[in-house]
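Q: I'd like to learn how to read aromatic contacts in a protein model. Could you walk me through them with the structure at hand?

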Amino acid sequence: MKKLKGAVIGAGGIAKNAHALAYEKMTNLVEIVAVCDVLEDRAKALAERLGAKEYFTDYKDVLKIEGLDFVDICTPNYYHSVIAVDALNAGINVFCEKPDAVSVEEAEKMKKASEDSGKVLMVMRNNRYMGISSYLKKFIEEGKMGNIYAARCGWQRRRGIPGKGGWFTTKALSGGGPLIDLGVHMIDLSIWLMGNPKPVAVTGCAYEKFANSDVSDSANSAFGDKNANGTFDVEDLAMGFIRFDNGASMQIEFSWASNIEVEQRFIEFRGDKAGASWTSLNNQLKIFTENYGVTEDLLPKTQDTVQIHEANLRHFADVLLNGAEPMFVPQQGVDMIKILEGFYKSAEEGREILL
């Protein structure tokens, strides 16, 4: 069986703690032949871990590798589109960490480069691979929820600012705070489960209240490279509202730091036949419906059969090796960045933004 030849660009936390773990279990499908990072020691360490023969500090050297099937981009957000476009134009398939890009213009460049080159562009959407996600997708597609007209989603942290003072909190490199870091996950999952309605308008408020606090109660605050003398010019709380072309609406809330009881991720849907909710606090999916003239609550038993980052990377390999239909297409990425860009504009100007 043919193995894919891949290279990892960016050897920081997400590469080491998620992507590398997946590749270590996918050796029958993928051979990582090179690793690149601006820090040579970090590139070398991950290359040795994954058995890659080469390591680099300039991603353009990676694109010169003969017979390379794909690159996996795990860099700070700003560089996602820059590297992806160069790789696609070089005839190399691309898997990229979220968010897709830091602007709509850059996301559209990625989409066009994929179309022009005929190469696959896929961006991490790992939450689509949770057990509850698979169950809900089938439940909704079978019409059991009816018309979904309202939704809520969020990811709240009490004190969990990642890499404070580093690229995470520097807007020029990250594009924003928890909305662009955490929001991509739960907004994408919700829209995907709703059948990918087109977003048409967004309203948002953004707050920066914890730039001077170093208190932490979340393991996520250890993520990223901190810099005590660095920059903090992004929000730590984002709250807003999205409208869709089918009349549906969605409330959103994402925080790195906020005076709340506990950290959690959540989604909620309201359909005219049934509703559903899930929270990471107990990982229990709940269905709310009615039967025989009375309301009824269902508690489906679901489970994750594979680590969700690994599941997403396995799907990417299946697309490249076997021609599987991609679960993610670049237009979904463009629509996502339209929401995020529109949100930040709304927060700045204090009005609803039409997309």
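A: Gladly! Keep in mind that this is a predicted model. Rings count as a pair if their centres lie within 6.5 Å, and by this rule there are eight aromatic pairs here. One of them joins Tyr23 and Phe70, with 6.4 Å from centre to centre and 35 degrees between the planes.

Q: Is the Tyr23–Phe70 pair stacked, edge-to-face or tilted, and why?

A: Planes under 30 degrees apart count as stacked and those over 60 as edge-to-face, so the pair at 35 degrees is tilted.

Q: Where in the chain do Tyr23 and Phe70 lie?

A: In distant parts, 47 residues apart: Tyr23 belongs to helix α1 (residues 13-24), while Phe70 belongs to strand β4 (residues 70-73).

Q: Are Tyr23 and Phe70 buried or exposed, and why?

A: Buried means under 20% relative accessible area. Tyr23 has 4%, so Tyr23 is buried; Phe70 has 1%, so Phe70 is buried too.

Q: What does an edge-to-face pair look like here?

A: Look at Phe343 and Tyr344: their planes are 90 degrees apart and their centres 5.8 Å apart, an edge-to-face pair. Both of these residues are buried.

Q: Which residues do ring pairs link into a cluster?

A: Tyr23 and Phe70 return here, linked with Phe95 and Phe316.

Q: Which charged ends sit over a ring?

A: The charged end of Lys171 lies over the ring of Tyr344, 5.0 Å from the ring's centre. Likewise, Lys137 has its charged end over the ring of Trp192, at 4.5 Å from the centre.

Definitions and conventions. Residues are numbered from 1 along each chain as its sequence is written. This is a predicted model: local features need pLDDT of at least 70, side-chain atom pairs count only at pLDDT 80 or more; totals for chains, interfaces and linings use all residues. Side-chain values use heavy atoms; hydrogens and water are left out. Rings of Phe, Tyr and Trp (its six-membered ring) pair if their centres lie within 6.5 Å; planes under 30 degrees apart count as stacked, over 60 as edge-to-face and the rest as tilted. Helices (H or I, at least four residues) and strands (E, at least two) are DSSP runs, numbered from the N terminus. Buried means under 20% relative accessible area, exposed over 50%, partly exposed in between (1.4 Å probe, protein chains only). A charge sits over a ring if NZ of Lys or CZ of Arg is within 6 Å of the ring centre and within 35 degrees of the ring normal.
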